[in-house]
Amino acid sequence: MSKEMCQLLKAWRKECEWDRQQTANETVSEDDYLFRQPNGKPMNPCTFTYRFKLILKANNLPLDLNMHSLRHTNASLLISQGVDVRTVASLLGHAQASTTLDIYAHAFDKNKRKAQEKLGKAIGL
């Protein structure tokens with residue numbers, strides 16, 4: 001997870017702690033959910049989907065995207081930026097880098113072009 005994401009989640013946790021203290025005079029424990037219903041139970045996954053669609057609509061983005069699209073975008077962007085396959089596989093939770101290669105082979109096209117250009121420069125073309 002990036003430093004920025006950690007900072008955002010820590011800030012959200014503090015807000016949750018403050019909210020719980022104000023509304024229920026309770027504290028947040030280590031095993032509490034950060035994204036939960038007002039009653040403390042886990043948030044329904046449909047809530048995330050609904051809010052995601054609102055974000056898409058508000059930003060004039062295609063409404064056929066889903067939360068899983070973010071996973072694919074993340075992986076494709078990492079690969080296109082030259083992050084090695086084992087690292088991407090690890091971040092995605094793939095046990096084998098070959099799984100990542102099978103799913104995201106298209107994302108390596110840009111890297112192939114870069115490699116061909118570097119080879120051409122190396123041999124004086």
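This is a predicted model: local features need pLDDT of at least 70, side-chain atom pairs count only at pLDDT 80 or more; totals for chains, interfaces and linings use all residues.
Visitor: What makes the phi of Asn-60 worth a remark?

Guide: Most residues other than glycine have a negative phi. Asn-60, a residue other than glycine, has a positive phi, near 50°. Asn-60 is found in the loop between H2 and H3. With 73% relative accessibility, against a cut-off of over 50%, Asn-60 is therefore exposed.

Visitor: Which residues of helix H4 are buried?

Guide: In H4, which covers residues 85–92, the buried residues are Val-85, Val-88, Ala-89 and Leu-92. They span an arc of only 100° around the axis, which puts them on the same side of H4.

Visitor: Against which helices do the buried residues of H4 pack?

Guide: They pack against helix H3, residues 67–80, and helix H5, residues 97–104.

Visitor: How many aromatic pairs does the count give?

Guide: The count comes to two aromatic pairs. In one of them, the rings of Trp-12 and Phe-35 have centres 5.9 Å apart and planes at 15°. Centres must lie within 6.5 Å to form a pair, and planes under 30 degrees apart count as stacked, so this pair is stacked.

Visitor: Which parts of the chain does this pair link?

Guide: The pair links distant parts of the chain: Trp-12 sits in helix H1 (residues 3–24) and Phe-35 in the loop between H1 and helix H2 (45–58), 23 residues apart.

Visitor: What makes the pair of Phe-35 and Phe-48 stacked, tilted or edge-to-face?

Guide: Their ring centres are 5.8 Å apart, within the limit of 6.5 Å. Their planes stand at 70°, and over 60 degrees counts as edge-to-face, so the pair is edge-to-face. Phe-35 is in the loop between H1 and H2 while Phe-48 is in helix H2, so the pair ties together parts that are 13 residues apart in sequence.

Visitor: Why are Trp-12, Phe-35 and Phe-48 given their accessibility class?

Guide: Buried means under 20% and exposed means over 50%, with partly exposed in between. Trp-12 has a relative accessible area of 34%, Phe-35 has 37%, and Phe-48 has 33%. These values fall between the two cut-offs, so Trp-12, Phe-35 and Phe-48 are partly exposed.

Visitor: How many disulfides are counted?

Guide: The count comes to zero disulfides. For Cys-16, the nearest cysteine sulfur is that of Cys-6, 16 Å away, whereas a disulfide requires sulfur atoms within 2.5 Å; Cys-16 is therefore in no disulfide.

Visitor: What is the radius of gyration of the chain, and what would a compact globule have?

Guide: A compact globule of 125 residues would have a radius of gyration near 14 Å, but the chain has 21 Å. The C-alpha atoms fill a box of roughly 70 × 30 × 25 Å along the principal axes. Of the 125 residues, 18% count as buried.

Visitor: How many helices and strands does the chain have?

Guide: The chain has six helices and zero strands, and along the sequence its pattern reads α-α-α-α-α-α.

Key: Residues are numbered from 1 along each chain as its sequence is written. Side-chain values use heavy atoms; hydrogens and water are left out. Buried means under 20% relative accessible area, exposed over 50%, partly exposed in between (1.4 Å probe, protein chains only). Helices (H or I, at least four residues) and strands (E, at least two) are DSSP runs, numbered from the N terminus. The arc is that of the directions from the helix axis to the C-beta atoms. Contact means heavy atoms within 4.5 Å. Rings of Phe, Tyr and Trp (its six-membered ring) pair if their centres lie within 6.5 Å; planes under 30 degrees apart count as stacked, over 60 as edge-to-face and the rest as tilted. The radius of gyration is taken over C-alpha atoms; the globule rule is 2.2 Å times the number of residues to the power 0.38.
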